[in-house]
Amino acid sequence: MPDSARPPAFALPEPFAGWFGARGWSARPHQLALAEASLAGESALLIAPTGGGKTLAGFLGSLIELSRMERNKNSGIPALHTLYISPLKALATDVQRNLMGPVNEMGLDIRIETRTGDTPSHVRQRQRRTPPDVLLTTPEQLALFIASDHAKEFFADLKCVIVDEIHAMAASKRGDLLSLGLATLAHWAPQCRFLGLSATVRDPQGLADWLDVRGGGRGVRILTAAGGVSAEVDILISRERIPWSGHSGRFAVGEVYEAIKKATMTLVFVNTRSQAELMFQELWNVNDDGLPIALHHGSLAREQREKVEVAMAAGRLKAVVCTSTLDLGIDWGEVDLVVQMGAPKGAARLIQRIGRANHRMDEASRAMLVPTNRFEVLECRAAEAAVEAGEIDGEGLRTGALDVLAQHVMGRACGDGFDLAELHDEIVRAGPYRALDWEAFERIVDFVATGGYALKTYDRYHRIVRRPDGRWVARTAQDAQAHRMNVGAIVESPMLSVRMASFVGKAGEGEQRSVRAGYKLGEMEEYFLSQLTPGDTFLFGGEVLRLVGIDGLDALVVKAAGERPAIPSYNGGKFPLTTFLAERVRQMIHDPAQWEALPGPVREWFEIQRLRSEIPPPDHLLVETFPRGDRHYLVTYPFEGRLAHQTLGMLLTRRLERMGAKPTGFVASEYAMAVWGMEDLSQVDMDALFHPDMLGDDLESWLDESALMKRTFAQCAQISGLIHRNLPGKEKNSRQVSFSTDLIYDVLRSHEADHILLQAARQDAATGLLDVRRLGEMLVRIEGKIDHIRLDRISPFAVPVMLEIGKEPVMGASVQDAILSEAESDLVRDAMRVD
């Protein structure tokens with residue numbers, strides 16, 4: 001049962017009480033409660049708002065226990081006591097810095113170290129020989145540990161595991177892999193306790209169940225911190241015209257810059273890396289005061305990111321433009337304002353980002369939301385209202401992914417091997433896999449051992465073997481090495497290193513100088529760079545660069561200051577609109593009383609929509625049909641996010657084709673979806689068109705030939721270890737990976753349609769690239785509640801999605817804005833006429 005963190009009978013021992021007292025502090029009740037639970041050997045989940053001292057609370061019990069053990073250190077072999085797991089490498093480094101201060105000031109002989117992908121190999125080897133008392137690491141490093149020799153002995157004396165920002169990982173494939181790793185640790189170290197640290201979440205019990213890997217009915221105690229101050233959230237209603245479409249926010253840069261000048265330090269959050277590059281460039285263009293403004297996102301070189309993080313911690317920056325790389329609990333101290341460019345796509349994400357300001361529980365965090373188009377005004381209002389009401393969205397516990405399970409099975413074989421029955425008992429301790437039956441488990445083990453029925457004749461897919469003693473182990477050392485080089489549940493878009501080009505020698509007449517790769521600036525998606533030709537310019541790391549050429553896995557560039565760049569259309573960092581916020585937006589649109597809080601131009605937009613078409617009830621689906629030019633359009637507004645809308649568009653065009661309506665294309669946005677064709681679409685039976693049965697045969701036949709399904713399968717193949725991107729001495733490019741996975745996909749579809757990896761891909765399709773589950777829930781909800789309005793011209797609501805038609809993914813920002821402006825003037829004139 002949830003337990004409010006009232007002051008426990010427990011009191012801090014010395015020197016901890018003295019350390020707090022010397023600073024005029026006292027430990028918070030929830031910190032004492034978690035320390036007490038930890039020292040009692042209990043597993044516990046602490047739910048506390050940002051700035052509540054969660055991280056210190058998690059470590060208090062371990063530090064107290066380690067301080068008592070100091071006198072016995074010389075009598076035994078060094079052993080790892082506490083393992084701290086963070087979703088971010090930067091967070092592990094930040095925690096080490098913040099922990100070492102108190103430890104040194106109290107004179108404690110406690111060794112605290114980090115282990116991430118950036119840790120040098122000689123340090124890793126030393127950590128294996130003589131473990132620190134506390135090791136700070138990431139889920140991927142834990143998976144690597146488990147796949148190494150003698151891992152069981154290394155973790156045998158483990159007393160405590162702390163999972164930080166648990167809410168950010170649990171409902172993902174990364175969380176699946178971590179939960180399996182925790183179950184392994186619980187098996188190897190039965191005395192170990194598990195502590196979870198989480199921001200405020202919708203379902204604390206679900207997180208506690210996820211963390212409960214010990215079994216035996218011991219459970220996880222839930223502690224909830226009392227107090228906390230409500231955040232101050234403002235929405236910037238720009239003096240400039242709010243665009244109908246687009247996400248750049250360029251129109252509001254001047255006002256954002258004024259806010260930065262007034263604050264001590266500002267984090268400017270954007271939702272994609274391309275928006276980060278663009279916003280950073282635009283802020284520099286208006287930075288007449290020469291303010292120190294930096295850029296931080298995941299594609300920049302590690303050295304560049306660390307330089308920004310150090311400058312932030314030292315208070316030397318005025319603002320940082322960033323993506324989700326700075327979402328989580330790093331304490332930047334001087335930050336007193338968070339600016340969210342564009343809608344946050346979820347209330348929980350907004351609360352997380354707001355918490356970067358002040359990072360103190362008893363002071364209100366201050367945030368400013370900047371909607372970049374008219375529909376985003378509604379989304380920002382909905383998010384603001386949710387924060388004020390203390391309502392939070394979030395995904396519930398998921399069923400564990402089968403490709404992740406296959407990776408874990410391989411990892412367990414790479415270490416000391418496993419017994420089949422013991423491993424099944426261990427796996428079902430992990431929350432996402434509690435319902436895993438023996439048959440599915442055996443199929444996964446068979447897949448790792450042979451590739452499955454259709455692939456078992458190919459030797460390369462035989463990765464584990466059964467020894468005479470019954471234990472399963474990696475077939476060869478090379479198989480184990482290949483697994484370790486490809487650990488993880490995040491399949492990044494194929495990347496190229498962006499390196500400065502250096503020219504060697506002098507070019508004679510008609511000759512070219514040779515080019516060599518210089519220092520690394522970072523990494524960019526291969527698909528973007530492949531669209532450029534040598535001489536093209538683009539924006540990266542806040543600078544304009546010119547592409548010299550692509551050499552293997554390196555993109556060679558030179559600086560091109562002062563030139564107009566193309567804008568990289570990164571995949572990284574895009575978020576879908578949450579179901580929770582979508583419902584709030586639908587309610588707001590339907591309720592005229594809530595329109596009063598909206599800007600004048602948005603209220604006018606609603607009024608004319610109601611006059612010319614309809615404002616639908618929140619549980620209805622509005623479908624509009626109208627002619628424009630030589631085309632006929634069908635536009636609908638489900639508010640279910642771009643992924644679900646793209647799948648809907650694919651299925652509707654197939655169904656319209658069968659009905660003889662001759663559709664020629666569709667476009668999807670976060671809020672709406674438009675289909676067009678040469679025939680009149682107003683006579684279509686909308687109830688039949690949107691019937692939920694489209695998720696039956698229509699979906700299956702489309703999935704069979706869908707490129708998106710092949711992409712989903714390719715990701716599953718890489719995560720499961722069937723295909724390796726990284727191999728000793730070489731790395732496959734995206735074309736090689738795609739060629740391999742496409743061939744396998746076609747073989748399995750033809751010869752083993754129920755192959756376990758095809759099942760994994762279909763499971764992913766339900767919530768991943770295709771978002772089939774959310775689409776299915778929407779179709780059931782609106783069945784028999786479709787409002788079809790036949791119009792003679794475009795409606796106000798249709799303007800934003802119609803502006804999406806024909807957009808190019810790569811072009812100069814000013815060119816794109818000019819095209820949108822020209823298109824807007826034409827569409828808006830027709831849509832907003834009331835005659």
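Colleague: Is Asn98 buried, partly exposed or exposed, and why?

Modeller: Buried means under 20% relative accessible area, exposed means over 50%, and partly exposed lies in between, with a 1.4 Å probe and protein chains only. Asn98 has 41% relative accessibility, so Asn98 counts as partly exposed. The model is predicted: local features need pLDDT of at least 70, side-chain atom pairs count only at pLDDT 80 or more, and totals for chains, interfaces and linings use all residues. Residues are numbered from 1 along each chain as its sequence is written, and side-chain values use heavy atoms, leaving out hydrogens and water.

Colleague: In which helix is Asn98?

Modeller: Helices (H or I, at least four residues) and strands (E, at least two) are DSSP runs, numbered from the N terminus. Asn98 is in helix H4, residues 89–105.

Colleague: Which residues is Leu648 in contact with, leaving aside neighbours within four places in sequence?

Modeller: Contact means heavy atoms within 4.5 Å. For Leu648 the partners are Thr636, Pro638, Met673, Phe690, Met694, Leu775 and Met778. Leu648 lies in helix H22 (residues 642–658) and counts as buried because its relative accessible area is 0%.

Colleague: How is the packing of two helices described?

Modeller: By the angle between their axes and the distance between the axes. Here, axes are lines fitted to C-alpha atoms, for helices over the stretch in contact, and angles run from 0 to 180 degrees between N-to-C directions. The axes of H27 and helix H28 (residues 772–782) come within 4 Å and cross at roughly 55°. That makes H27 oblique to H28; angles under 35 degrees count as roughly parallel, over 145 as roughly antiparallel, 65 to 115 as roughly perpendicular and the rest as oblique.

Colleague: Which residues meet there, in H27 and in H28?

Modeller: From H27 come Ala765, Ala766 and Thr767, and from H28 come Val772, Arg773 and Arg774.

Colleague: What is the nearest side chain of opposite charge to Glu752?

Modeller: Lys and Arg count as positive and Asp and Glu as negative, while His and the chain ends are not counted. A salt bridge needs a side-chain nitrogen of Lys or Arg within 4 Å of a carboxyl oxygen of Asp or Glu. For Glu752 the nearest such side chain is Arg443, 5.1 Å away; Glu752 is buried yet has no salt bridge. Glu752 sits in the loop between helix H26 (734–751) and helix H27 (756–767).
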